[in-house]
Every structure is written in C-alpha cells, then in structure tokens.
Amino acid sequence: MGRCHSLQASLFLTCSLFLTLTDANIISGNKQSYIIRVQNDMKPSAFSDIEHWYGSTLRSLSSNPLNSAKSNSIQVETTDLEFLHVYKTVFDGFSARLTAEEAQELANRRGVLSVLPDGLRQLHTTRSPHFLGLDSSASAPANLVSESDSGSNVVIGVLDTGIWPERLSFHDKGMGPVPSFWKGECTQGQDFTKANCNKKIIGARYFTAGYEARIGRIMNSSTDIKSARDSDGHGTHTASIAAGRAVEDASLLGFAKGIAVGIAPKARIAAYKVCWKRGCMDSDILAAFDKAVDDGVNVISISIGGGAVPYNLDPIAIGSFGAMEKGILVSASAGNEGPRPMTVTNVAPWITTVGASTIDRKFPADLVLGNGKRITGASLYSGDPLPDKQLPLVYGGNVSVGIRNGARHSSSFSAASCMPDSLDKERVHGKIVVCDRGGTPRVAKGEVVNEAGGAGVIVANVAPMGEGLIADAHLIPGLGVTESAGNIIRDYINSNNNPTATMAFYGTQLGVKPAPVVASFSSRGPNAESIFVLKPDVIAPGVNILAAWPDGVAPTELSSDTRRTQFNIESGTSMSCPHVSGLAALLKGAHPDWSPAMIRSALMTTAYTQDQQGKMLLDEKSYNVSTVLDMGAGHVDPEKAVDPGLVYDITIDDYLNFLCASNYSGRDIRQIARRPWRCMGKHHKPWDFNYPAISVVIDSTEAPGMGIVQLTRTVTHIGEAPSTYTVLVTNPKGATVTVTPTKIDFRERGQRQSYVVRIKAENLAVTTLSSLVEVGMLNWTDGKHQVVSPLVVVWKQGL
C-alpha cells in the first residue's frame, strides 16, 4: 500500500480502495471467477485424487455444456475445465470461472463449504534501519542483527508486483548456501530465467490465472511483464526494505544519499508476483500463499489490502491462517485510508498488522509568498530552480477552463484538483498553481500544470488529511503543503489583487524532531471486525523511505517522466509492513523456536509510545497526542524485542475458540481452518483471548456496578535465568483494574503462568451509536524487562 501514482492510480495512498470495472470487464461470456472451499475428507473413494473429484464436480453441473454421459467419469482431463488454481497447502479447494447459476448450484453441493466471488485488491503503498537502531556499521553490532546473523537462515516470501533481480540490493556475495529446507523454485517467464535467482533471491513465481480471467489475457509488454520481473516498482521496493543488501552511495536524484540496506540484509527473498497493472486478484493471492507455505518460507510480507470483512470471507485472512498453522508469521499493511477511524484492514488476529510512522528525515522546501511569509512543505524536485523573482500565484479552482463553444469543459472542482484538461492555459501560463490534493496522483497535478503552461505547482492537503507531508519528485518546481498551510495560501490569494510567490528547495534534512510521528495516511482502528482485537498491532517507518527501484520505471511512474533511478523514495503502509517483515525474520533467526504469536508479542510488548525526546508520540494529522487506535501498541523497538522477557503465545485452538466466542459457526470456522470444530458447549468470551493487548467493551445501559469484566492472560518466560515479575497498573479513566496475582515467579525458560484481570467500570453516559474509549496499561517488570500491554475500555450503548 504505497504510492498513489502507480498501477494507473490504483495504489492506496490517496486513491479509492477498489478499481471500478465495467460489467464487461468483470464477466466474460457470462462467467466470472470464484474461489471454492471444499471439505476434502468427503472425497468419494472412486476418485484417485482431489483434482479428479473437483473436475468431475464441475463437469456435472447442470448448466455446464460439458455435462454429458462422460461427465461422471473419473477420467477427467483438467485441461478441459476452467480451473484457475487448485489449492492444497493453506486452503482446500480451487478457483474457477463459473456462471452465477453454476456458482449457486456448486454452493449447494455436498462437500462444498463456500463459494466466494474472486475480488480485486490493490497495493498499499536507507535511514530507517539506523532509526530503528539496527545500524550494523557501528563499532558494536546490534544484538538482534548479530544474534540472527542478519536473518541468513530465514526466508521472506514477498507477495507483491515481483522483483528486479539485477539491483545491487539483491546480490549474493558472501552469502552461504540456500537453506536445506527450501523447496521453492525460480519460475521462468518473459525476461526472467533461472539465472536471475541466486543465493539471495532463492525463489520467484508469478500468478496470472485469476487476473486474466477478470481482465483479459496479459500481453507481454513493458507495463505488464508475464513473469516474476517487476514492471511497477512496488515489489522491488518492499523486498529491498525487508531484506536488501547494503548498497553504498544510494539516493534518489541526490536525495537521502547514503548506504541503503534492508532490515534483514542476509535473509533470503522469495518473490511471488500477484499484482499486475490493474490490481491483485484474491484467487492469485491465495495461490501464492499456498505455494509460499509449501516452498518453505518463514515470513510472509503482504502490502495489499481491501475492506475489512468477516474472516471466513477474506482470502488473505484464510491464507494467513493456513500459514500461521505452519509456523509462518504474516506481516500485512494496515492500509492508507487514515486519518479516518475504523479504516484499518488485514485485521485477523493471526495477522501482524502494521501502521506507518515517520522517521527523523525530511525533504523541506519553502513557498515564499509575496507578503514575505514562508510556508514550509516537502519536495523531491531536483531540476532547475524558478527564476530569481516572484511569480504570479493562482488557485486551480479560480482558473478552470469554463465555458467554451457552448459546452462546459471543466468545473471549478476539477480545476481545484488540477484534473487533466481542467485548467485555462491563458490564465495559468507562467504562474504557480495551487492544486488541492486528491482525485489524481500528486505528481500528475504538476504534469497538468506544466501542460497548461504553468511554472510551478503547490499540492495542498485538504480535510481530513491534516498536517502530514509526503515528498514527491515533481517534474516541474513543486512542493506539498499541509492542510492548514493550504488554507493560508488560498486566503492570501483571495485577499490580494496580485498574489505572488516563489519556491526554495533545501535537499535532505536529518535529525528532525519530533520523530517518530504517526503518519496521517495510516489507517486507524478500531477493528471493524472485532473490537476485542486491537488493530493495528504496531507502527513502523513508512514515510519517505528510500529503497531499490527497477529499470524502465520513472520515479513518478508518469509516462512523460524520462528520468531513471536505481532507488526511489516511497510512502505508505506498504513500506512499514516490510520493515516488520524484516524484523520478524531477524527475530526468527535469533529464536527459531518462537511461534508467530510469540514474535508478534515481542514486537508489541516492547513497542514504545514516547518519541526520542521522551514525549508521547504525536499524530501527524493534527500533531496532537496519538492514541492506541492510531498506533496500536506503539512503535517497534527491535533491540528490546529480541529479549522481551515474557511473551503471550496463542495456539491454533485459542484462535478457534476466539472465533466461536465471536459468533462464527462451525461451518464458518471450517471455511477458515482446515479442520472440523464444534462451538457447542464452549463458554469463551472474545476478550478472554491471549492477545498481547487487552480490549473490553462495557454496556453503558447496565445498572450501576454491573460494568465488570474479568479475563485471563497467560505469559511464557523466555529468559534463561529465574525471574520474578511484578505488575504495575495504570487505570483507564473511569475504570478500576485489579490483577491477581500481582507477582509471578518463574524458575525456568518456557514456564507458563496465568493471571486474572478484573476491570470494574463506571457507568459513563454514551449517546446512541457512539462510543467512549479510555486507555490504561499493564506493565509486568522484573527490573530489567518491561512487558507492556495496552488496556482499552470502550463504553457503548447496548452491545
């Protein structure tokens, strides 16, 4: 979830969540693709394998023209059928192109658990390892980096747009042999051979069946290369963030110059290309999960998302569950729909969900108004400066094309956002144009201004984007400004007969304070699917991140941009996700026996909520104090995560009991997990779940004194020496929290101990359809370790 100016504006930074397609695109010959979940243990013994059974089932559909006397034969040639994928590892079933009638008939067949329409999803799109304290160039290497050998025996599977293998970030000099457990392969395709893999990139696959069923056949071209080769940039960027080798003298057009290195520089990369020019199909994503788990990856990194839906209807949640069952941590981007609440995606409790934060690096540029006022923004513009004088300044909404030849060519709204062909060339020529952010990619607004003869562009945030800034490599002199700055500029234009301005660009600035800050675009909680599971889990660097970039793709991805670079600067939770994927690889390398839940627990309980100046982390939207709904447990702290003291582990049965408590039926659960599970007689509560954060809901309509919730948590000691932990409680406002016992003794590594939390809440007034959230904290400490859990109490009217 990174850029908004790639995949034809399909990335998810300021773009819409889904790409709208016409019915003709969705349905070809009255068919579209579906994902079918099958109960494999119901396969009749007459069939030699499941594929023959699946094939016979498809042929036997009454509406299928292949239905004939031969259709019930077990000798079915699957090439005659419209299979897209057959899933065997994280999911039992297949995907196929069906009519609506066939899908309904199939859904009613015995042994078919679910038939899901195949959805189209979008991507969520140097200094950050140093900022995270992982700078191995220091005289004493960081503990996590050294203990894990930079993740050398760990494989990260990156589900994205592929990879550009020639980049120096992916060289294998000095790397040991490929891990013996690896079963993956390097699939050949257009401009990609087995020779493109090495001891760094040890696997590469691509998945097109679902995409081609929806969009049409991929024609080999520079925009959609039918192989694992990346023609977009997003996959190369995210892979190098997670596990890129150190490359000296890296920069984007001179910006952010230095050594570019990934979080786990010796970890192995397996690239699974699931995203193409117009998006990423669920059936292909699920197929990639299936192959990645079978290949032997240890971590899966997926910077792709969609809206939050029930877990049994979400192929990413389903694939992630199957990966988790095999001991694989799945790190996923939270989405770029912030700062609006309840926008976080990839919210299943077995997924580690990552929001975005800033680092201590900026790319400042000033807009100097004619009245002398300086407004600081952000820019990666590297071309010739403006003339050494003030230029006329106009607002796009005031210079629309208007009425010509009796027809309205452009509305002031279109012109305000500098949409294509919306600006009047006569009134724009030689001027700096202020454009509202939104509607089109930020860099495309400068292209529109340039085509209209403008001299420069200012891209101004509008509500609710707030004060967050993202730097762009504009083709003409240009910069981005905050929402409040945009208001000041428009006021200046409207109150002056001859408004003027100029710009000044200052390159790269380090040591910026405060840092980190929660990125304004980072999607926020609460979790729409379960308020009892805090999401996002953590935040990590995701703003203005330098990483590798493919040949043939301009830094802006505009066709008019002829510049080429080996590195690019991108922003989005797409960039924060691979930071955590890399950290998970380091933790897995240092602690091979840790489960995915233990790794996530270590990241969450050691996360920090104060910046480098000791002040509470701020929200970039308004620069007010951030909340747990913005940042989850806080910002990742790698060096503490390697030695967290205690962890909260979660078993597969724990997850299934949570689903029961969340009113999922046995059939729903079987659609997620490949096992039968009965909820009858189980009295679990959804908040009584061994998650590292505690979140409970109080019914504000209950009688006084009735707002009491009790729950149990179990911690596992991962230290070598015996330890005694004492709990420190910070009560949420309006609630009193007691913990029993208050002290826990551990005698050996791996010992598990439980404690009970009792929350007594006051009856606070809450209006209908609203809620009140207060936050406290539990901190178990032995004097060395601080094992911190956010404690969230939500008051609602009627549950």
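Q: Buried means under 20% relative accessible area, exposed over 50%, and partly exposed in between (1.4 Å probe, protein chains only). What share of the 799 residues of the chain counts as buried?
A: The model is predicted: local features need pLDDT of at least 70, side-chain atom pairs count only at pLDDT 80 or more, and totals for chains, interfaces and linings use all residues. Residues are numbered from 1 along each chain as its sequence is written, and side-chain values use heavy atoms, with hydrogens and water left out. Of the 799 residues, the buried share is 62%.

Q: How much of the accessible surface belongs to carbon and sulfur atoms?
A: Accessible areas come from the Shrake-Rupley method with a 1.4 Å probe; for residues, only the protein chains shown count as cover. The chain's surface comes to about 29,400 Å². The part that belongs to carbon and sulfur atoms is 49%.

Q: How many helices and strands does the chain have?
A: Both are DSSP runs, numbered from the N terminus: helices are H or I with at least four residues, strands are E with at least two. The chain has 19 helices and 42 strands.

Q: How many disulfides are there?
A: A disulfide is a covalent bond between the sulfur atoms of two cysteines. Here the rule is a pair of cysteine sulfur atoms within 2.5 Å. By this rule the count is four.

Q: Why is the disulfide of Cys275 and Cys280 given its handedness, and what is that handedness?
A: The sulfur atoms of Cys275 and Cys280 sit 2.0 Å apart. Cys275 is buried at 2% relative accessible area, and Cys280 is buried at 0%. The torsion about their S-S bond is about 105°, so the disulfide is right-handed.

Q: Which parts of the chain does the pair Cys418 and Cys435 link?
A: Cys418 and Cys435 form a disulfide, S to S 2.0 Å. Their S-S torsion is about -80°, so this link is left-handed. The pair joins distant parts of the chain, 17 residues apart: Cys418 is in the loop between helix 10 (412–416) and helix 11 (425–428), and Cys435 is in strand 23 (residues 432–436).

Q: Is Cys435 buried or exposed?
A: Its disulfide partner is Cys418, which has a relative accessible area of 0% and is buried. Cys435 has 0% relative accessibility, so it counts as buried.

Q: Where in the chain do Cys660 and Cys679 lie?
A: These two cysteines form a disulfide with sulfur atoms 2.0 Å apart. The S-S torsion is -75°, a left-handed link. The pair links distant parts of the chain, 19 residues apart: Cys660 lies in helix 18 (residues 652–661), and Cys679 in the loop between helix 19 (666–672) and strand 35 (694–699).

Q: What is the relative accessible area of Cys660?
A: Cys660 is bonded to Cys679 in a disulfide. Cys660 counts as buried, with a relative accessible area of 12%.

Q: Why is the ring pair of Phe321 and Trp350 classed as it is, and what is the class?
A: Rings of Phe, Tyr and Trp (its six-membered ring) pair if their centres lie within 6.5 Å; planes under 30 degrees apart count as stacked, over 60 as edge-to-face and the rest as tilted. The structure holds 18 aromatic pairs. In one of them, the rings of Phe321 and Trp350 have centres 4.9 Å apart and planes at 85°, so the pair is edge-to-face.

Q: Are Phe321 and Trp350 buried or exposed?
A: Phe321 is in helix 9 (residues 315–325), while Trp350 is in the loop between strand 15 (329–333) and strand 16 (352–357), 29 residues apart. Both residues are buried.

Q: What kind of ring pair do Phe658 and Phe689 make?
A: Both residues are buried. They belong to a cluster linked by ring pairs, whose members include Phe321 and Trp350. The ring centres of Phe658 and Phe689 are 4.6 Å apart and the planes lie at 25°, so the pair is stacked.

Q: Which residue lies over the face of Trp164?
A: A charge sits over a ring if NZ of Lys or CZ of Arg is within 6 Å of the ring centre and within 35 degrees of the ring normal. At 4.5 Å from the ring centre of Trp164 lies Arg229.

Q: How many bridges join strand 36 to strand 40?
A: Two strands pair if DSSP finds at least two bridges between them. Strand 36 (residues 708–717) has seven of its ten residues buried. Strand 40 (residues 752–761) runs antiparallel to strand 36, and the number of bridges between them is nine.

Q: What is the bridge partner of Leu646 in strand 36?
A: Strand 34 (residues 646–647) and strand 36 run antiparallel, joined by two bridges. In strand 36, Leu646 is partnered by His717.
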